[in-house]
Amino acid sequence: MRLMSAVTFTLLSAVICCSLTEKLPNASPPNIIIMLMDDMGWGDLGVFGQPSKETPNLDAMAAQGMLLPNFYTANPLCSPSRAALLTGRLPVRNGFYTTNGHAKNAYTPQEIVGGISKDEILLPQMLKKKGYVSKIVGKWHLGHRPQYLPLKNGFDEWFGAPNCHFGPYNGSIRPNIPVYNNSEMLGRYYEEFTINRKTGESNLTQIYLMEGLDFILRQTKDRRPFFLYWAPDATHAPVYASKRFLGKSQRGRYGDAVMELDYSVGQILSWLRTFSIENNTFVFFTSDNGAALMSGPKGGGSNGPFLCGKQTTFEGGMREPAIAWWPGHIKEGSVNFQLANVMDLFTTSLALAGINPPDDRILDGLDLTPVLLNRPHTLQSRPIFYYRGNELMAVRLGQYKAHYWTWTNSWEELKNGINFCPGQEVPDVTTHEQKEHTQQPIIFHLGQDPGEKFPISVLTKEYQNVLSMISPVVEQYKKTMVPGIPQLNMCDMAVMNWAPAGCEKLGKCLKAPKSEPWKCDWPH
């Protein structure tokens, strides 16, 4: 394991700084860092109005860069949104969805058989064309069987885990999740990598920070362009933080986790300045989906003024905090209201690297460099598509959003205490059965009504005008949409993390049960 103490990093930074500051020119293409948080909400940052103001480093990052208040994910759940980021394609195109139930969200639990399709081209594979070295730190979540892991999909290095940090589990029924260093496991969550479920204490975020800093140091020393995909998961329930941060937030344990992530972002940006490569490093901060309100108040975040949260296609489920930072290139303190999506990071990263995007497939991500670099552009009118599983639930165009289907979660789940919209019920909008509105969509003006509480009356001229504007866009889109082969339909207890590569050296191999595949059951 490549972990370093703070003292070691301080000494190394002094050596590297002295040797590189005068010699290292502004290289082209730029380094790329994408920071993807887990279940962090739009309203969790001070710069977006969080009243406790406990994110000083992220707030400073926004002040030094660009804030994007209209930034979206491609799905209200973790695995599909991560697949969309790395492929530049909607989950319904790249196969990260299920057909086992209409409008059902699906992800990659331990028992999932599938993973990212071999037919997809991931961002690190493309970046190799310009000599980039790529590393993922943290959560992968695109399939945990050997053929789906990061080093099989373009990444050169990996430190992290293939699944969520659920557990602890009894190894005879369900194994604990492995933590990998590149292609071999180093141990498992709740065993070698402890997470105290009672106190919330864990050093994982600090380990992920050190891995990120070490990668930057090595690539800077070797003068190689790098792509760092930094994906910590401390804000996903069960939330955790290291001892230094526990009990420090006004917001409880979730706030402690946010404070530690904010500190870590500050350390990474400071590290770039230490090596004088900040002007040649593009950094983007966002989240995979909205805050998990069902885990609140202690284990979930805030979606600010927006309706509902994770798992839903209301604004709280898919509008994300987003900050772009590139000193000397992105204007300090800028705010841009361009409609943007996590899939745009694929196309934008390729543009920054000077690489043409693949021309043998439809890409849903757009190049945001004109927006980020304040150049003339015509992206403002692009639509945002809100998917839940295999169904197009809603579409945003300009300030207007039309819901063609509404659903939060079932009455049965609600009776069992699972609520995706606690305290936010809107009659005939936050429905507990799937309701179709394709003939007469529910339309909101998000500028005037960001909380989606006041549908525009169908009797008004405004409604008819909006409908006539959005309908052709949706019709044309549906004509050209060809879904990919669904990858998240089959489950099997035998494919869980029983014996990952490297388990023999550690004496951590477990016996898998007999293979008995079944169609996965996705409740919501």
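Modeller: A salt bridge is counted when a side-chain nitrogen of Lys or Arg lies within 4 Å of a carboxyl oxygen of Asp or Glu. Side chains of opposite charge can pair when their charged atoms come close. The model before us is a predicted one. In it, Lys505 and Glu184 form a salt bridge, with their closest N and O atoms 2.9 Å apart. This pair links distant parts of the chain, since Lys505 belongs to helix α13 (residues 503-506) and Glu184 to strand β7 (residues 184-188), 321 residues apart.

Biologist: Are Lys505 and Glu184 buried, partly exposed or exposed?

Modeller: Exposed means over 50% relative accessible area, buried means under 20%, and partly exposed lies in between. Lys505 has a relative accessible area of 66% and is therefore exposed. Glu184, with 29%, is partly exposed.

Biologist: How many salt bridges does the structure hold?

Modeller: The structure holds 23 salt bridges. One of them joins the side chains of Arg89 and Glu120, at 2.8 Å from N to O. Here too the pair links distant parts of the chain: Arg89 sits in the loop between α3 (78-87) and α4 (91-94), while Glu120 sits in the loop between α4 and α5 (123-127), 31 residues apart.

Biologist: Is Arg89 buried or exposed, and what of Glu120?

Modeller: Both Arg89 and Glu120 are buried.

Biologist: Which residue does Lys128 meet in a salt bridge, and where do the two partners lie?

Modeller: The side chain of Lys128 meets that of Asp156, at 2.7 Å from N to O. Lys128 is in the loop between α5 and β4 (133-139), and Asp156 is in the loop between β4 and β5 (157-161); the pair links distant parts of the chain, 28 residues apart. Lys128 has a relative accessible area of 38%, so the residue counts as partly exposed. Asp156 is also partly exposed, because its relative accessibility is 32%.

Biologist: Where is Asn416 found, and is this residue buried or exposed?

Modeller: Asn416 is found in the loop between α11 (411-415) and β17 (435-436). Its relative accessibility is 60%, so Asn416 counts as exposed.

Biologist: How many residues apart in sequence are Asn416 and Trp140, and what is their distance in space?

Modeller: Asn416 and Trp140 are 276 residues apart in sequence, and their C-alpha atoms are 30 Å apart in space.

How values were computed. Residues are numbered from 1 along each chain as its sequence is written. This is a predicted model: local features need pLDDT of at least 70, side-chain atom pairs count only at pLDDT 80 or more; totals for chains, interfaces and linings use all residues. Side-chain values use heavy atoms; hydrogens and water are left out. Helices (H or I, at least four residues) and strands (E, at least two) are DSSP runs, numbered from the N terminus. Buried means under 20% relative accessible area, exposed over 50%, partly exposed in between (1.4 Å probe, protein chains only).
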